[in-house]
Amino acid sequence: MYDINKQYRCDIIRGKSQSQLEDLLPAYAKVINDICPLPKKEFDKKFNENLISYLPTTARDEKTLKNHRTEIAGQLFGMYVHGADDIIYCSDRTKKFLADGDIPAFFKDICYKMQFPNVMQKQKTVEQRLFDGISIRQYCYLISVLEEAEKRNIYLTKKEVGVYVLNSLDALKRNATPTEIVDLLEKDRQTKKFRDIQNEKESSWNWQHINEQINYLELANLVYIDGKKTLYLNHKENETLSLFSKEWNSSPLFLITKEDVSNSENFKKLQLRWYSYYGSLSNVEKAFTTKIEALSVETNSEGGYRAYGNTVELGDEGEKFVFNYEKTRVGKYNPRLVNKVILFGKQKGLGYDIQSVMAVKKIGNNEYPEMGKYIEVKATRRVTAPKIDDSEWYDSVNITRNEWVAAKEKQDSYFIYRVFFTRTGVFIYTMQNPCQKNEDDKLSVIPLTYRIEISKKSVDDVIDIKIENGGENA
């Protein structure tokens with residue numbers, strides 16, 4: 001029997017805002033990949049030293065750096081693992097993110113593997129949760145509840161998610177089915193019975209752990225939240241939603257119920273095993289790839305959301321979007337120049353994806369309109385819009401040797417267009433002559449595959465475009 005009155009706080013490590021987490025993720029990945037493998041003591045020192053440049057001067061104290069290193073990058077994100085030899089290694093999850101830049105897929109993997117109990121918390125907290133019978137993969141369970149509610153045209157608010165699921169003891173023990181939860185919720189709504197979490201502490205403490213957990217589900221692009229704090233499933237991610245919901249009643253994948261967590265030495269060993277498991281990729285991670293069509297949303301007349309776009313692969317979609325944008329831009333300047341905009345995306349060895357023209361008026365004594373413009377497109381996916389004015393904003397891209405050679409040859413005629421596909425639209429940051437910017441210390445290039453580190457100083461223009469017909473109406 002589902003007893004809603006049994007409320008139980010099951011918190012997770014505190015993170016940061018959604019946009020900050022998306023901004024920090026590339027920085028964490030770069031730092032960890034660059035310094036690992038390293039002995040633990042050296043890792044702590046090097047991580048702090050390398051991360052400082054990405055943080056505002058007011059957030060560089062030892063306590064803040066430790067929070068970034070241990071709690072967020074390490075425990076919450078699983079971006080590095082401790083080897084048995086006391087060496088820190090870059091995790092598989094981080095390596096995959098560096099390869100594909102798919103931020104929502106990164107958080108899908110986290111949500112899929114997240115569970116209660118885990119060993120992120122203190123030893124006594126884990127002991128208590130085991131004693132209380134907590135056993136749940138909360139995101140799988142919650143998505144199943146949202147699906148059951150949606151069948152009845154019911155959409156849960158964040159408060160209801162907290163009271164009926166994430167702060168409910170019977171839910172956390174899987175003593176209640178999603179059907180039972182929605183039955184009670186529906187009955188309460190009909191009788192206008194509005195429930196809240198009751199605790200002697202202030203309200204922000206009561207709700208912090210619930211908001212944090214919902215944050216990650218939204219960063220995974222599996223739900224949308226409207227202005228009334230109501231959750232909607234993103235059905236453009238149905239494959240992933242199905243993977244989650246069908247496992248609502250499965251036991252946590254990392255079983256610790258038979259472990260002796262009261263023994264401190266054993267608990268430390270258990271933590272090492274947990275982080276090795278947690279930082280590895282799920283066996284279904286290939287299904288987590290985020291399609292462009294699943295990202296951008298807009299409100300409909302009923303106040304809900306719908307996704308739109310197309311299903312072209314990320315690189316092709318980025319090139320197509322910039323190609324259409326350039327045709328529109330050049331056409332507005334002079335229609336006869338549009339045929340000079342050429343897409344070479346599939347042609348290897350050139351070092352750029354699009355050949356265009358400057359299409360701007362005379363600058364000084366130089367005539368620019370038909371001067372060649374060579375564009376390399378780098379696209380990525382994230383949920384929130386990038387905020388270039390945020391002190392913690394950071395980004396990086398990988399370019400090939402051919403692309404760097406082309407940049408050196410073309411100089412002022414060479415541009416990198418960094419394309420962000422987000423829920424609120426497409427954002428393009430343009431960078432002209434990256435070679436010169438490298439010499440001027442406005443960006444830094446690391447000769448691995450040549451990774452360009454971008455800061456506010458290196459961006460020449462910001463193009464904020466509402467997605468319409470794949471960019472053709474930009």
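A residue counts as buried when its relative accessible area is under 20%. By that criterion, buried residues account for 56% of the 474 residues in the chain of this predicted model. The chain contains 16 helices and 16 strands. Of the contacts between residues at least 6 apart in sequence, 71% link residues at least 24 apart.

**Helix α7**

- Just after α7, asparagine 153 adopts a positive phi of about 60 degrees.

**Helices α1 and α4**

- Helix α1 (residues 18-35) packs with helix α4 (residues 92-100) at an angle of about 115 degrees, and their axes lie 10 Å apart.
- Because angles of 65 to 115 degrees count as roughly perpendicular, α1 is described as roughly perpendicular to α4.
- The crossing in which α1 passes α4 is left-handed.
- On the α1 side, the contact is made by Leu25, Pro26, Ala29, Lys30 and Asn33.
- On the α4 side, Thr94, Phe97 and Leu98 take part in the contact.
- By class, the contact of α1 with α4 comprises 5 nonpolar, 2 polar and 1 charged residues.
- An α-helix has 3.6 residues a turn, so residues three or four places apart point the same way.

**Helices α5 and α12**

- Helix α5 (residues 103-113) packs with helix α12 (residues 238-245) at an angle of about 15 degrees, and their axes lie 11 Å apart.
- Because angles under 35 degrees count as roughly parallel, α5 is described as roughly parallel to α12.
- The crossing in which α5 passes α12 is right-handed.
- From α5, the residues in contact are Lys108, Cys111 and Tyr112.
- From α12, Thr240, Leu243 and Phe244 complete the contact.
- By class, the contact of α5 with α12 comprises 4 nonpolar, 1 polar and 1 charged residues.

Key: Residues numbered from 1 in each chain as written. Predicted model: local features only at pLDDT ≥ 70, side-chain atom pairs only at ≥ 80, totals over all residues. Heavy atoms only, no water. Helix = DSSP H or I, 4+ residues; strand = E, 2+ residues; numbered from the N terminus. Axes fitted to C-alpha atoms, helices over the stretch in contact; angles between N-to-C directions. Parallel < 35°, antiparallel > 145°, perpendicular 65-115°, else oblique. Left-handed = near helix turned anticlockwise from the far one by under 90°. Contact = heavy atoms within 4.5 Å. Nonpolar A, V, L, I, M, F, W, Y, C, P; charged D, E, K, R; others polar. Buried < 20%, exposed > 50% of the residue type's maximum accessible area, 1.4 Å probe, protein only.
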